[in-house]
Amino acid sequence: MDKWIQLQNNDGTDNLYPVEKIDLLWQNSSPTSNFSAQTVSINLSGYDRLLLVFVMMKSGDDSYCQGFIVDKSHTKWTCGGLYQNTYVSRLVDVSDSGVTFGSGYASSTSNQSAVIPNEIYGIKLKTHDLR
Amino acid sequence: MLYTLNLDSDNYILSIAHTKNDSVELDLESMELAYMNAYKYIDGVLSLDEEKKAELIAQEEAEEKQIQIAELLEQLHSSDEDLLAFIEDLFSFKNPLTFISDMIGLMKNYATLVANRQSIREQIKELSK
């Protein structure tokens, strides 16, 4: 049975696209530790999209995750969201050789316990052409 | 268990992860993961740099203070708005029949507002030491 993924088209509409494979490439073994800016080296040349899963804020047992699907053709992304009325974010730079994570931020203050990378999945689509 | 380490240029651990290329044997349960960045990994040997750990603790405390100061400044800003509302209220029309009790109420609110602002300022001063 085919796997499908919902992606935004170039015109802003959404469509389901067939997936050839989804691989878990990197999994943080200590997602409750602070995560400073760094480059995670992984060969991403065989994938079209990445699913990045983050722990949005490490706060004792009260942590929650959010996933972002990023397109490798746009290299720089800001992954962020609201955590207890505070906007938390982290800049992400994607290339064929890996993912560079910038510093985490809570509002405008640098905070390495915000938006901690938890998992990186590589996604290869059956078709590369979005509408 | 085997892991993949990401190290900085001084061989301090940046992150510990599982990948397809796991090759470093570690016992995470024996590590102080809250201070993961204070561990060095050189030639297969893991060691905790106590000096770096102390730096991380101090940095964490400084960040915590920074967050508390930002919250207090926000409270002070919100109290500025209360002060403006008080001034508007003070110069608004007063019913002559209830003038004295209205003014007493206003002055009580003003005293609470001033005491609150003073307390916030003192907390900021204490945190800034």
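The model is predicted: local features need pLDDT of at least 70, side-chain atom pairs count only at pLDDT 80 or more, and totals for chains, interfaces and linings use all residues. Residues are numbered from 1 along each chain as its sequence is written, while chains are lettered from A and ligands numbered from 1 in the order in which they are written. Helices (H or I, at least four residues) and strands (E, at least two) are DSSP runs, numbered from the N terminus.

**Contact between the chains**

- Chain B brings 17 residues to the contact and chain A brings 16 residues; two residues are in contact if their C-beta atoms, placed from the backbone, lie within 7 Å.
- On the side of chain B that touches chain A, β1 (2-7), β2 and α1 (50-90) of chain B each supply at least two residues.
- β2(B) gives the most to that side, with 6 residues.
- The residues of that side of chain B are 10 nonpolar, 6 polar and 1 charged. Ala, Val, Leu, Ile, Met, Phe, Trp, Tyr, Cys and Pro count as nonpolar, Asp, Glu, Lys and Arg as charged, and the others, Gly among them, as polar.
- Strand β2 (residues 14-28) of chain A runs antiparallel to β2(B), joined by 3 bridges; two strands pair if DSSP finds at least two bridges between them.
- A:W26 has B:T19 in β2(B) as its bridge partner.

**Nonpolar core**

- The largest nonpolar core has 32 residues. Such a core is a set of buried Ala, Val, Leu, Ile, Met, Phe, Trp, Tyr and Cys residues joined through C-beta atoms within 7 Å.
- Elements giving two or more residues to this core are β2, β4 (49-57), β7 (86-95), β8 (98-106) and β10 (114-125) of chain A, together with β2 of chain B.
- β4(A) provides the largest share of this core, 6 residues.
- The residues with the most contacts inside the core are A:F54, A:V88, A:V99, A:V115 and A:I120.
- Not counting residues up to four places away in sequence, A:V99 touches A:V40, A:I42, A:V92, A:V94 and A:I120.

**Local features of chain B**

- B:K20 lies in the loop between β2 (13-19) and β3 (24-25) of chain B.
- B:K20 is exposed because 11 other C-beta atoms lie within 10 Å. A residue is buried if 20 or more other C-beta atoms lie within 10 Å of its own, exposed if 12 or fewer, and partly exposed in between, with C-beta atoms placed from the backbone.
- Strands β4 (residues 39-42) and β5 (residues 45-48) of chain B run antiparallel and are joined by 4 bridges, with B:K40 opposite B:S47 in β5(B).
- The hairpin of β4(B) and β5(B) has 2 residues between the strands, and B:D43 takes a positive phi near 50° there.
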